[in-house]
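Subject: Structure for your files, with notes

Hello,

Here is the structure I said I would pass on. My notes follow it.

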Amino acid sequence: MEIDPFIFRLSIFILSIFVGYYVVWSVTPSLHTPLMSVTNAISSVIIVGAIIAALAGSSTEIFSTSSIFGYIAIVLAAVNIFGGFLVTQRMLQMYKKKKDKKK
Amino acid sequence: MISSNLSAIFYLISGILFILALRGLSSPDTSRQGNYFGIAGMFIAVVVTFLSIGNLSTSLIYVLVLLLLGGTIGAFIAFKIPMTAMPELVAGFHSLVGLAAVFVAVAAFLNPEVFNLGFFGEIKLASLIEMSIGAAVGAITFSGSIIAFLKLRGIMSGAPITFLGQHYINLFLGLGIFILIFYLCKTQSANIFWLVIAISFLIGVLLIIPIGGADMPVVISMLNSYSGWAAAGIGFTLENTALIITGALVGSSGAILSYIMCKAMNRSFFSVILGGFGADSSSANSNAQKDKKPVKSGNAEDAAFLMKNASSVIIVPGYGMAVAQAQHALREMVDKLKKNDIKISYAIHPVAGRMPGHMNVLLAEANVPYDEVFELEDINNDFANADVAFVIGANDVTNPIAKTDPKSPIFGMPVLDVEKCKSVLFVKRSLSPGYAGVDNELFYRDNTLMLFADAKKMTEDIVKNLD
């Protein structure tokens, strides 16, 4: 009997929870705020769904209801991706500055 | 157009890059590299999505324009936002992830063919369940984050809003969602799908309004977690590995942070969720009789004198310091003290800021070297050997009552052993209790000198007196 592909996805999901568990516990508490902003940014990978939905329309019908939702979701996710990564970068940069100064 | 097998491999790679991004945060030295891994992972995921669709009609231009539009807004916010406002920013960003999840789920529901999920009205059962869960969690994340944002921003009062039967209503609505999803699977009716989303928006609001301002660090972490589960739900719908991995990572990350925050406040997760903390009037009343106890108060000159003659000083910053924008003045004071060969360290309680790790970022912004900053468990034994503890803008996290009085609402909460220092300088505007509504016993100790003033002004005055 063949295994349903859902089971494979579920396996990936469960294993990733474990990976996440161990990786996040090893994050130093002083970087918990950047951790939140970067997780925020990466969870916006949901943009792939938005892109698929937005590009679904044929050339005759670019703005179907479904693709409009896709378009809006792209904007929302893009704000998050750029905002999330850049603000993380900005914070992490501050952790560097002092180190250089100390040297 | 690339094959779906190849794109699946690329999605896996971007998932791995996201894991490395989080892994990098284990130390400040590797963190920046980690962030680049994250950016690379995102880039791969987006490009592969474009390539896998192949059929690029005119809509591609719209997509790219919108991508750029969103990106510009995001970049603008990222550069403008002051570090004190990070909690609001993160809450706001969570709401966007939540709403994006809802919209993607709606798009998939209306046009399932493009996602290979069947046809409108005949969506595959598993996909339908996955997308409704994704949409529901996304909707809860969205409206909950909006409330958290409004509370943090001060647009809405931080006081908990409670009413009779609140928890029953939440329970009822939660069960309602499951029943509706069950019927949705039977009927494939769009109206039920809308109803599920609408109820989820309502639950998000109801879930967050009873939670008080003091518990906001838990709320933000919790919403972080939700946004991850929402992404994972959508990932299952779209059969996308990158999304599933990311969702699981973010979900567990948020859950761990919530756990750490709850532990730091000695509150059970459920008592936070059920809310109402911070409105406890009984504890506030019991303080009334204590107010007459004698308090020693001093001025900047006394403080400067004490610190100049110390050999080690531990600084205990709290959110009040950030509100007063005193971190730069504080750094100036520390520089002066260092010139006199005084050993300085900073003691940070896990809930010192408004979100996990917030105080560390604020100090980093003020150019405080991170190797002078210590977490509670690493520094607590040092207080007994230190000459002066300089408490600025913190309150509840220094209250020794948490160790002695089992009746106190904060009993059992891990606190900084500030009172063990030879002398304690406590910068505060008045003797009013902190968030928890509990009087701080530390004010009345013999070795405590209260400095009644605005944190920034007092620090600046001390700097002048150090010359």
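Does Lys420(B) count as buried, partly exposed or exposed? At 46% relative accessibility, Lys420(B) is partly exposed; buried means under 20% relative accessible area, exposed over 50%, and partly exposed in between (1.4 Å probe, protein chains only).

Before the rest, the conventions. The model is predicted, so local features need pLDDT of at least 70 and side-chain atom pairs count only at pLDDT 80 or more, while totals for chains, interfaces and linings use all residues. Residues are numbered from 1 along each chain as its sequence is written, chains are lettered from A and ligands numbered from 1 in the order in which they are written, and side-chain values use heavy atoms, with hydrogens and water left out.

Salt bridges

A salt bridge here is a side-chain nitrogen of Lys or Arg within 4 Å of a carboxyl oxygen of Asp or Glu. Over all chains the count is eleven. Lys420(B) pairs with Asp417(B) at 3.4 Å, N to O, and Lys403(B) meets Asp417(B) at 2.5 Å. Lys403(B) lies in helix 17 (residues 401-404) of chain B, and Asp417(B) in the loop between helix 17 and strand 7 (423-428), 14 residues apart. Helices (H or I, at least four residues) and strands (E, at least two) are DSSP runs, numbered from the N terminus. Asp417(B) is buried at 9%, whereas Lys403(B) is partly exposed at 36%.

Another pair in chain B is Glu88(B) with Arg153(B), the closest N and O atoms being 3.0 Å apart. The pair links helix 4 to helix 5 (residues 125-153) of chain B, 65 residues apart. Glu88(B) is buried, with a relative accessible area of 9%; Arg153(B) is partly exposed, with 46%.

The interface of chains A and B

Contact means heavy atoms within 4.5 Å, and 103 residues of chain B are in contact with 82 residues of chain A. The buried area is about 8,400 Å², with 78% of it from carbon and sulfur atoms; buried area is the accessible area (1.4 Å probe) that two parts lose on being put together, summed over both. In chain B, Leu25(B), Arg32(B) and Met42(B) lose the most area to chain A, together 8% of what that side buries.

One salt bridge is counted between the two chains. Arg9(A) forms a salt bridge with Glu239(B), the closest N and O atoms being 3.5 Å apart. Several helices of chain B each supply at least two residues of the side that touches chain A, including helix 1 (4-24), helix 2 (28-53) and helix 8 (216-238). Helix 3 of chain B gives the most, with 16 residues.

Helix 1 of chain B has 21 residues and reaches 30 Å from its first C-alpha to its last. That is close to the 30 Å expected at 1.5 Å a residue, where the expected span is 1.5 Å times one less than the number of residues. Its buried residues include Ser7(B), Tyr11(B), Phe18(B) and Leu22(B). Among what covers the buried residues of this helix are helix 1 (5-25) of chain A and helix 9 of chain B.

Ser252(B) is in helix 9 (residues 241-264) of chain B and is buried, at 6%. Not counting residues up to four places away in sequence, Ser252(B) touches Ile17(A), Gly20(A), Tyr21(A) and Trp229(B).

Regards
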